[in-house]
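Please open the model in a viewer and keep a selection panel at hand.

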Amino acid sequence: MLLSMRGGLGARCLLILLLLLAAWGTGSGQLHYSIPEEAKHGTFVGRIAQDLGLELAELVPRLFRVASKDRGDLLEVNLQNGILFVNSRIDREELCGRSAECSIHLEVIVDRPLQVFHVEVKVKDINDNPPVFRGREQRILIPESRLLGSRFPIEGAADADIGANALLTYTLSPSDYFSLDVQASDELSKSLSLELRKSLDREETPELHLLLTATDGGKPELEGTVQLLITVLDVNDNAPLFDQAVYRVSLLETTANGTLVTTLNASDADEGVNGEVIFSFDSDISPKVQEKFKVDSSSGEIRLIDKLDYEETKSYEIQVKAVDKGSPPMSNHCKVLVKVLDVNDNAPQLAITSLSLPIREDAPLSTVIALIRVSDLDSGVRGQVTCSLTPHVPFKLVSTFKNYYSLVLDGVLDRESESVYKVVVTAWDGGSPSLWATASVSVEVADVNDNAPAFPQPEYTVFVKENNPPGCHIFTVSARDADAQENARVSYSLVERRMGERALSSYVSVHAESGKVYALQPLDHEELELLQFQVSARDAGVPPLGSNVTLQVFVLDENDNAPSLLAPRVGGTRGAVTELLPRSVGAGHVVAKVRAVDADSGYNAWLSYELQAAAGSARSLFRVGLYNGEISTTRALDEADSPLQRLLVLVKDHGEPALTATATVLVSLVESGQAPKASSRASASAVGPEEALVDVNVYLIIAICAVSSLLVLTLLLYTALRCSVSPSEGACGPGKPRLVCSSAVGSWSYSQQRRQRVCSGEGPPKTDLMAFSPGLPPSVNMSERSERPEGNSDVSGNVSPTFELWL
């Protein structure tokens, strides 16, 4: 029972230790697995998703993928269960050759957010390669005179495996003459030789056949054999002897061709031809050695004939044979070990893998943009690499694992300022002098909708003549968006609102793409003088951004309203004005006054009066004031004058073309005794509201004339303010009661029937002031000027201008 508890405690401790090791491996950013070579397809390697702390459900959404620096098809991951398995045959000897360490390095990459893991899968060697001899047989010539204990080199076998699987042991078939001698060295392969145990007699035994067997240390053991054919020779019984069994030489990899490597020295105890030695490479020398070195057959000098490369081969083992000229010749062997010394002859190498391009301009800091792998084939400090970036770019390099770096965002991006960055990565090694290499990556900045459309100015003033055709183009607005593509595609629309009882969209419309503003119906200056509204510009971004521009559309007046006669003071017949005139009046007596208004404005509303002459009359008894409409006598009346005078007054405005109206005035000439009755009626009428209103207007005209200079200054200031500041919002409303004023230079009025509206949006009413000073035509004579009221004339007799005020 006690043993069972101890065994359970030991298993629990072992499990905790394994978990700690796994956690350490995960925290260090690298996983380690191991598999034997030649594993079948589907062989389980490890639960890579579980070991990396990833949920199985997020492997596909996060784009889990495996990349390999070497062979990407050997291992694969099942995205359903997160298991790393063998995908194709793995041959360690093909993958790593004779290297003692053999691993497959994997890069595991997941997105959203980006993570990079490094996995190292160690490939274990299995005993799948038997020892192999170069040939099926080896021929050895041995003179019969060789002494006991003499050794004769033979070629050993080679095993492609490593470690214990390549640890070879040799056995020789039983023989009375020879035994196998094996010499082992830490740096060199085993040297095999046959040791002579019994003197040879060619006449008795001319040939010997032995079997050499090589067995590796694997389980199960594999072996290879070779036939040794020994021919016993006669005479020359002394072989050459080298002064060293092993020659050791070190050469820089930059050593020039033709450089002397070493000089071999061998001597032969024989005399004459039997003592002359010839040097040569062994027959089983590798082709690489023959490409790099040559030996002088007589002097024994070995020279370099090709360029060395430490990164390709770090050492060469050369077996040299010395043969004398005896008959039969005798030989001996030595080895030359050439070590290649590294120099800084390889520049660093850079490999950039782009992962997140283009990058949004609103990307957060530390966003990973690309992965960078650096390497240097040199060794030691010469292979240590340092990386840097081009200055003045919003990026930086972050070391992730050994020679791996991440290019991350280190500053705020603005596509409108810089849309593409040329990032240059420079790598230096630690050699002297240092070598360097560069690699560039083009980082494109993707646009986000961070700029609203902008108009060149916040407000536009537009002038449109009234009575325009429906659908006419009155203005074009244009806004520019600094963003790109959809974020810069601008559409236009009206900012809808109510204008009294009607919607703004019943007056104007705007084309969504071109920004053209159209008047949907004819505009009427008498109804609407100012149309103020806003046009909105919106881009197509998500979410959309926008801005507004204000349009002030002034409707210009046209002469589309004829003068309108006001109702007469005294009742008449069929619209005619009837006046009683005593025959006793003299010249210049005012008989009646014609009153008219015009719904237009400006010169289109400036009225003049003309008296139509009667047919066949030489001189008219009456005349009418050109601008005040007063009908007065031109002479004293006599008995010959007709008792009923019919006068036709033509009222005409100053528009182009001019519009007219006519008024009929019937003047009855009565005797002086009948005049008071008519005058009493006129007096009763004179004290009515209209006469009082006329008196008030006369005072108003006098006041206007008195402050005309101040008014001109006010107009100039008002015009300057209107040009520099957008008009304040107003309201729509009816006019004030009708005021009719007359002067020598014309009639001015404000009609309640004409609804003047200035519409500019919500807010309190606004007062607009408009004035004009019409000039007198040259046809006005001095007599007409003398008829003007005193309040309208100055001391010099000049006519004061008449102003029309709309409040």
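Predicted model: local features only at pLDDT ≥ 70, side-chain atom pairs only at ≥ 80, totals over all residues.

The loop between β13 (207-215) and β14 (223-233) is the place of P220.

**Cis peptide bonds**

Select K219 together with P220: the peptide bond that leads from K219 to P220 is cis, with omega near 0 degrees. Next, move to the loop between β22 (315-324) and β23 (331-341), where P328 lies. The bond from S327 to P328 is likewise cis, and its omega is near -5 degrees. As background for this stop and the following one, most peptide bonds are trans, and most residues other than glycine have a negative phi.

**Positive phi values**

Select K402, which is placed in the loop between β28 (395-401) and β29 (404-409). Although K402 is not a glycine, its phi is positive, at about 50 degrees. Is K402 buried or exposed? Its relative accessibility is 66%, so K402 counts as exposed, the cut-off for that class being over 50%.

Continue to N467, in the loop between β32 (459-465) and β33 (472-476). Here too the residue is not a glycine, and phi is positive at about 65 degrees. With a relative accessible area of 39%, N467 is partly exposed.

**An open sheet**

Now display the strands β1, β7, β6 and β3, which form an open sheet of four strands in that order, with mixed pairing. Which strands stand at the edges? They are β1 (30-36) and β3 (65-68); each has a single partner strand, so one side of each is left without a neighbour in the sheet. From one strand to the next, the twist averages 30 degrees.

Within this sheet, select residues 103-110 and 115-124, that is, β6 and β7: the two strands pair in the antiparallel sense over eight bridges.

**The largest nonpolar core**

For the last stop, select I474, Y492, V508, L531, F533, V535 and L551. These residues have the most contacts inside the largest nonpolar core, which has 29 residues. Which elements give two or more residues to this core? They are β32, β33, β34 (490-494), β37 (508-510), β38 (516-519), β39 (530-539) and β40 (546-556). In soluble globular proteins, nonpolar side chains tend to be buried together.

Technical notes. Residues numbered from 1 in each chain as written. Heavy atoms only, no water. Pairing = 2+ DSSP bridges. Axes fitted to C-alpha atoms, helices over the stretch in contact; angles between N-to-C directions. Buried < 20%, exposed > 50% of the residue type's maximum accessible area, 1.4 Å probe, protein only. Core = buried A, V, L, I, M, F, W, Y, C linked by side-chain atoms within 4.5 Å.
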